[in-house]
Amino acid sequence: MARAKAGTGAVVALEGSPGIGKTRLLRAAMERASEGGMAVLSARGGQMETEFAFGVARQLLEPVLLAADAGERGVLLEGAAAPAAWLLGGGRADRLGEPVGGGGDRSFATLHGLYWLTARLAARTPLLMVVDDAHWADQPSLRFLGYLAHRLQALPVLLLVAVRPEDPGAHGLLLTELVADPEADVVRLGPFTLDAVRTLVHDAFAASPLGPGFVRDCWTTTGGNPFLVTQLIAALRAQHAPPTSAAVEQVGEMGLETVSRWINLRLAGLPPAATELAAAVAVLGDGADGGQAARLAGLDPASCDEAVDGLVSLNILRGAEDLAFVHPLVCWAIYAQLPLRRRARGHRDAAWLLWHAGAAVERVASHLLAATPAGDGEVVEILLDAARSATRKGAPDLAVRYLKRALGESARDASRPEMLRELGTAEQNAGQFTAAAEDLRRALECSNDMAAKIEIAFRLRTALVWSDRAHEVGPALGGVIAEAAERDSEGALLLEAAVAGALQVDLSTPREVRERVRRVVAPAFAGEPVPPHISSLAAVEALFANEPAARVVRLAEEAARGWYQAPEFARGPMRAQLFVALIFAEGHALARRLLDDDVEDAHHHGSAAQFLNAAVLRSTLFHRLGMLAEAEADARAALEAVHLQPGPGPSRDVQPAHSLHAPMAIAVLVDTLIERGKARDAERLLTETGLADADSPLLLFSFLIGARARLRAAQGRMPEAIKDLLALGARLEGAVLTPALVPWRSRAALALVAEDAGAARRLAHEELGLARAFGAPRTLGVALRAAALTGSPDEQVDLLREAVAVLEDSPARLEQARSLVELGAALRRKGHRSEARSALERGMDGGWSCGATALAQRACAELRACGARPRRQALTGTDALTDAERRVAELAVQGLTNRQIAQTLVISPGTVETHLRHAFQKLDITSRRQLAEHLPGPEQPAARQGKSSGS
Ligand SMILES: Nc1ncnc2c1ncn2[C@@H]1O[C@H](COP(=O)(O)OP(=O)(O)OP(=O)(O)O)[C@@H](O)[C@H]1O
Ligand SMILES: [Mg+2]
């Protein structure tokens, strides 16, 4: 608590078996915290609430908002926190809002919003956030807590959770991650000692002398479990038994399994109304409303009051206001002994009660999930409503459950195809691609509407690709395409493009099948006007075929212009194609602009999936431009989003959506770490993510394999590097001719040169020929360098000079620096010292400013060999700024305050100050105003990013 109050938050988890004293400790902590001036937010997971999206998060945060006046609420919820506002509206607010569509996934924005709200509250007063029974917390809330946990270091927040680790709670994985976080402290509670039991027993039987051995017997029969000790005491007292060993023996073995029997015995002494009421509260959920419980139990107010009194006197209910059991275990014991049919009936009745009382739709629906299907149309409506609400909140996994149940309720409903489509879409959003493919197939079979079928088929394509069955796309969509050809030619073309796109990214597609792609893009290649989804497909096809880069960029630009003509469900895959074409054909400026927009848009609308896509691709772009810090930041953010994506839990349908995006992000990280001279960290990253030997024919994997081979070469493990690269080459053959994606030929050439100079040279020249035809500077520069390094000393200097010249106007600064260093080295070897020095100096500066430590150090060594004494690093001027300093300074130039900068970059205001101070020192200035003279403001594009090669 002291640390949290000082600004460095943490997670503390209390673990222990049922009844061991977790809640009791939490209460003590809450008291301490409020005495110590912390604000306390608390929530509790409930067995009936695991399906209630963000239920726990709402319990934590809603009370503060409700207590605040309108002005304060406005301040708390403005800006970044705004997406949390509607979630925290409460009650029927759940039922309002926009209909769900393809862009209905809001997971990301919601998490962000909740996080910002928490950060703002913490800025006012340090917080203790308590989550009891976290094993019953809903999954979206756990995602929020995980998200928060990663950011606690800079927040005055102590997050305290209590967990039964062995509870088969639904969401083990997220919970385990939260608790297993290396930053989290785990406190495991054990049973009471004999002395502790003695204290408790003494207090309870203060009036009567204790029999010999009584305390020890209490201790052994209960195993020292405090809950059981309190139950034993309650049982003895209810029977008016004296505190003796004989009485304990009569009570018999006390265990959690026997608690029900104990409670039954106690209930037997009360009128039947008490048993009914207890059952009703157990069904409705702990803390139920008195009136509702009475109605569910079928009791009039008078007999209900009587029953409550009886239950309170027997220490079963805590009090009369809200009907809460003395302990969740008591609730569980009563619920567990209700016959199954009775439970199901109870839940159905409870659902209607709550519905008519205006409860949130998801609360109603969670009871419907536990009721038996009965073909009720109104039930279907509520479940669909709940599913849409869950989707809007970014809890597609819960939407899946509601939709499945809705389908079960309406076995032969006309709205089935629509429900199946929604189910398939929700499953897709939840990362359950195999199930999604199956349900979308069923939807396709029973749908009669052509437009709907086209959309379903398009989604089916995505589900199949992500579940690693790209080859099934063609056959699966064949029927719809044939049908559409007669009734909706535009739709048919859209689906043809969808099939082609799937074939394109699967390197195992046989050559003759790939012909199909060629047929679809033929009109675009011939310069005829085509819809945007054909242009984007054609751009990628042209790229793969190593058509001139300028042409690829032109096709991509066309697709970008016609963007909004495409139906919404088709835009995601199209955008990905567009980005790939632009990044690798070096249409850098447009790629950057569109990707920035996309990242921004994903933040705004909050789709984790969209963010993941955009961030992975942008990190690739940054890396290719030598913006290593930015590349790393995006790659790590993407990996975090992978984590946040509603996804596979331990018992779920585990799918590789994550494992498909992650390899690309990891490829960027591995590459970046190599540039930094941290091969060992790169190796660790591969091992930890299980990707050290991973393989797949999907194109996305090529980047990983390429990066891994680079690492092997950097480690001197040449044979492995060569083997991997040649295998990759063989796989790419026939599908991807261009060296722009992964320059496997030049990498293999460099790895082979010592062993087989002839083969190395052949490979390098093959790539050079392709790169010249392609004509994009970065790709050509890379090929020229490889040709130089595998060539004769005489060729070397010429080819490297050409590489430097080609890259002169390209924003690919790292490649430029690399070529300069190689040129400098080659010149030195030929004895041209002064020219060598100037190239090496430029190369070294370029290396430092990209953060490419390995290259800069190599340049230093070369310079020393030339007799120069290089400074270790540029020490003043903007080049001396670290990336963090530069980012902070740039935001300061834009007029943001330190606090706003801290919020934007998610760092502490103290850190912001430090960065700014260093920046001032390095730039030799004393005020923010002077910063603007050194750094470009918001209007002018930054010099390092603004240059574009165009093609
Ligand atoms: N240190 C203590 N001193 C006295 N009584 C205690 C102590 N710890 C726990 N108890 C009593 O034991 C019972 C069970 O404790 P508690 O509710 O904290 O358990 P829990 O670990 O939260 O259980 P669950 O996992 O079921 O939530 C409560 O009635 C509580 O009052
Ligand atoms: Mg508890």
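**Exercise 1.** Find which residues touch the most other members of the largest nonpolar core.

*Solution.* Of the 260 residues in this core, Leu277 and Leu543 touch the most other members. A nonpolar core is a set of buried Ala, Val, Leu, Ile, Met, Phe, Trp, Tyr and Cys residues joined through side-chain atoms within 4.5 Å. Buried means under 20% relative accessible area, exposed over 50%, and partly exposed in between (1.4 Å probe, protein chains only). The model is predicted: local features need pLDDT of at least 70, side-chain atom pairs count only at pLDDT 80 or more, and totals for chains, interfaces and linings use all residues. Residues are numbered from 1 along each chain as its sequence is written, chains are lettered from A and ligands numbered from 1 in the order in which they are written, and side-chain values use heavy atoms, with hydrogens and water left out.

**Exercise 2.** List what Leu543 touches, not counting residues up to four places away in sequence.

*Solution.* Take contact as heavy atoms within 4.5 Å. Leu543 then touches Val552, Val580, Ala581, Phe584, Ala585, Thr738, Ala740, Leu741 and Phe774.

**Exercise 3.** Count the disulfides, then examine Cys304.

*Solution.* A disulfide is a pair of cysteine sulfur atoms within 2.5 Å. By this rule the count is zero. For Cys304, the nearest cysteine sulfur belongs to Cys331 and is 16 Å away.

**Exercise 4.** Decide whether Cys304 is buried or exposed, and classify Cys446.

*Solution.* Cys304 has a relative accessible area of 6%, so Cys304 is buried. Cys446 has 33% relative accessibility and therefore counts as partly exposed.
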